[in-house]
Amino acid sequence: SCSVDVSDLLQLVGAWGSECVVTGSCCLSDSSCAEMSASDCAEINGLYSGDDTTCASTNCPGAGDECATAMVAHLGQNSYETETATPSNPEPDDSMCEGTWMMWDNSQDIWFEWVAEFSGDVNFSTCDSSSFDTSMAVYASSCDNQVACNGDADSGNNCQSYHSEVDLGITKGETYYIR
């Protein structure tokens, strides 16, 4: 209400003498995330992302490095980094996408997990004009059931050269892993 009233004063009196603890997201050694104070995060050798940050908006280094620690994907853009990633085994089967120059060659990879929110067609894409050469494999229900892949999609739509794109028919409620 832009003015101090009795309820504001009672709230202040109720908190009088208690410690104010500011929290933020803390990336843990297993690539998971927890919200805690900066001092608690430092105490467990975590990586503090800053005051008032949340795990929902933080991608911890190493998150998604293996299928078992796949990051949750949401409709729309999903950020990721590959600098801390390591290659996963086995490599994708590029015979499913011959002629698209997948050339995985023991590349560092990141995994996302997405539970389909609808049935129909979906487009998985790494289109980002400021990004780099990518390849993509998509798995259904498990990390070893590859259903699609792409090395280089047709350029256009202000995408970077050599981006990847997969169009796939999906089933609501099924889990898909995007690598």
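**Entry 1: strand 5 and its neighbours**

I started with Val 72 and looked for its partner in strand 5; the bridge partner there is Glu 113. I note that this is a predicted model. I then checked the sense of that pairing. Strand 4 and strand 5 run parallel, over 2 bridges.

Next I turned to strand 10. I found that strand 5 (residues 112-115) pairs with strand 10 (residues 175-178) in the antiparallel sense, over 4 bridges. Glu 113 stands opposite Tyr 177 in strand 10. Val 115 has Thr 175 as its bridge partner in strand 10.

I also looked at the two faces of strand 5. Phe 112 and Trp 114 make up the covered face. Glu 113 and Val 115 make up the uncovered one.

I read 4-5-10-7-8, an open sheet of 5 strands with mixed pairing. Which strands stand at the edges? They are strand 4 (71-72) and strand 8 (146-150). Each has a single partner strand, so one side of each is left without a neighbour in the sheet.

**Entry 2: disulfides**

I counted the disulfides next. The count comes to 5. I followed up three of them, including the link of Cys 26 to Cys 41.

*Cys 26 and Cys 41.* The S to S distance is 2.0 Å. I read a torsion of about 80° about the S-S bond, so this disulfide is right-handed. The pair links distant parts of the chain. Cys 26 sits in strand 1 (residues 23-27), and Cys 41 sits in helix 2 (residues 38-43). They are 15 residues apart. Buried or exposed? Cys 26 is buried, at a relative accessible area of 0%. Cys 41 is buried as well, at 0%.

*Cys 33 and Cys 55.* Here the S to S distance is 2.1 Å. The torsion about the S-S bond is -85°, and the link is left-handed. I placed Cys 33 in strand 2 (residues 33-37). Cys 55 lies in the loop between strand 3 (47-51) and strand 4. The pair therefore ties together parts that are 22 residues apart in sequence. I checked accessibility for both ends. Cys 33 is partly exposed, with a relative accessible area of 26%. Cys 55 is at 21% and counts as partly exposed. Buried would need a value under 20%.

*Cys 67 and Cys 143.* I found these sulfur atoms 1.6 Å apart. The cut-off for a disulfide is within 2.5 Å, and the pair is taken as a disulfide. Its torsion about the S-S bond is about -65°, so the disulfide is left-handed. Cys 67 lies in the loop between strand 3 and strand 4. Cys 143 lies in the loop between strand 7 (136-140) and strand 8. The pair therefore ties together parts that are 76 residues apart in sequence. The two ends fall in separate accessibility classes: Cys 67 is buried, with a relative accessible area of 11%, whereas Cys 143 is partly exposed, at 30%.

Strand 8 is an edge strand, and the loop holding Cys 143 runs between strand 7 and strand 8. Strand 4 stands at an edge too, and the loop holding Cys 67 comes between strand 3 and strand 4.

How values were computed: Residues are numbered from 1 along each chain as its sequence is written. This is a predicted model: local features need pLDDT of at least 70, side-chain atom pairs count only at pLDDT 80 or more; totals for chains, interfaces and linings use all residues. Side-chain values use heavy atoms; hydrogens and water are left out. Two strands pair if DSSP finds at least two bridges between them. Buried means under 20% relative accessible area, exposed over 50%, partly exposed in between (1.4 Å probe, protein chains only).
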